[in-house]
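Q: Please take a close look at the charged side chains of this protein. Where do they pair, and how far is each of them covered by the rest of the chain?

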Amino acid sequence: GRVEKKREQKATSVTREKIQEHITNQNSKFHITEGPKGKKENLLNSERPTRILRKTSHPQGEDGALGKTTGPPTIKLSEKHEGSRTVFKKFNEMKWPLDIRPLNKSLVKDNKWKETEVAQETRRSFLQEFCKKYGGVSRPQSHLFHMVSRIYVEDKHKILYCEVPKAGCSNWKRILMVLSGLASSAYNISHDAVHYGKHLKKLDSFDLKGIYTRLNTYTKAVFVRDPMERLVSAFRDKFEHPNSYYHPVFGKAIIKKYRPNACEEALNNGSGVKFKEFVHYLLDSRRPVGMDIHWEKVSKLCYPCLINYDFVGKFETLEEDANYFLQLVGAPKELKFPNFKDRHSSDERTNAQVVRQYLKDLTRTERQLIYDFYYLDYLMFNYTTPFL
């Protein structure tokens, strides 16, 4: 009995260390980059080509970078801008991370949402407990504008939605367009209008005060998906169909680095990337091209241990979760979440069975490394460890 207990304690401590290490790596890496005038800035090193993230259009503009802190978060603000001292003072007084609030269920009239409601509370408290236990990142250590750059804003119903590609994001953006009065129905908005129309506002387009007011008062939602399923879905979408961006940019580089004796045609057009080659690229710390939001970890897209999401939806229960959420925010009764497949509608949806077919091409080690890569996403959102 004593031996078993010791073993258990050791396993727990190893897991804890591993999680801590992962979180530290995710959130505390800094990249010192030279700005155009040789000025150095702290930026999160997110394994992608480094960009200087500046917001010159705002009064707090380029000095709005978050520094490493031990006390409450502070922001470097240029004193020459009028009003910046006030914002700086207010920001210093703000509590971080923002406390999770009980959901306002006063607008939910039907009893049919009981199960969804229970699932929602379970997910929220699970994520909160996880962050408390393993967080070690109770303060923002990334550039603020970077942290909120994937969050869409709908001011009318006071919604913040963090976009996770391949987890129902196209239809979510359609819903936000309808809610904000930009469209009358989610069913007649094209894919291009959703993704390239620039109709929706993102949180990083506001100044500091605008960002913090919304983070503190709007309903914040994130929708996630089983990491392996999301990865396979992204691969199928971007590499198994003609694509004028992913083939020349990612495909060519992947084939060149991971396919021995590649033929001239493949090297020239970047089409026909195999899943195994794509996985080699994903797991390579010296990737020939940077990361992409379609397969980036949710922990790096939405910062769930720094931004306390009021609502955690899952792709696996997308319609129920989304329609319950619409009730919570007081959306028009007739508005329902669309269930159509956004692109390549004749293809079978990526599900557990489809994923298994793709994983067959990989070695056990490769499968384990993918799991390790998405380790935090599996744990934070309580996804079952895949059978590797």
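This is a predicted model: local features need pLDDT of at least 70, side-chain atom pairs count only at pLDDT 80 or more; totals for chains, interfaces and linings use all residues.

A: Of its 388 residues, 53% count as buried. The secondary structure consists of 16 helices and seven strands. Among contacts with a separation of 6 or more, 69% are made by residues 24 or more positions apart.

Let us turn to the charged pairs. Side chains of opposite charge can pair when their charged atoms come close. The count for this model is 16 salt bridges. One of them joins lysine 201 to aspartate 155, with the closest N and O atoms 2.7 Å apart. Lysine 201 belongs to strand S5 (residues 201-202) and aspartate 155 to the loop between S3 and S4, so this pair ties together parts that are 46 residues apart in sequence. Lysine 201 has a relative accessibility of 40% and counts as partly exposed. Aspartate 155 is also partly exposed, at 24%.

Salt bridges can also share partners, and in this way Lys105, Glu117, Glu121 and Arg124 are joined into one network. Within it, glutamate 121 and arginine 124 form a salt bridge whose closest N and O atoms are 3.4 Å apart. Both residues lie in helix H3, three residues apart, which is about one turn of the helix. An α-helix has 3.6 residues a turn, so residues three or four places apart point the same way.

Glutamate 129 and lysine 132 form another salt bridge, the closest N and O atoms being 3.5 Å apart. These two residues are likewise three residues apart in helix H3, so about one helical turn separates them. Glutamate 129 is partly exposed, with a relative accessible area of 45%. Lysine 132 reaches 60% and counts as exposed, because this value is over 50%.

Lys109, Lys112, Lys333 and Lys336 form a positive surface patch, and patches are made of residues that have no salt bridge. Lysine 109 is placed in the loop between helix H2 (84-93) and helix H3 (114-134). With a relative accessible area of 58%, lysine 109 is exposed.

Just after H5, glycine 181 adopts a positive phi of about 85°.

Methods. Residues are numbered from 1 along each chain as its sequence is written. Side-chain values use heavy atoms; hydrogens and water are left out. Helices (H or I, at least four residues) and strands (E, at least two) are DSSP runs, numbered from the N terminus. Patches are made of residues with over 30% relative accessible area and no salt bridge: like charges are joined within 9 Å, nonpolar side chains (Val, Leu, Ile, Met, Phe, Trp, Tyr) within 5 Å. Accessible areas come from the Shrake-Rupley method with a 1.4 Å probe; for residues, only the protein chains shown count as cover. A salt bridge is a side-chain nitrogen of Lys or Arg within 4 Å of a carboxyl oxygen of Asp or Glu. Lys and Arg count as positive and Asp and Glu as negative; His and the chain ends are not counted. The place of a charge is taken as NZ of Lys, CZ of Arg, CG of Asp or CD of Glu. Buried means under 20% relative accessible area, exposed over 50%, partly exposed in between (1.4 Å probe, protein chains only). Contact means heavy atoms within 4.5 Å.
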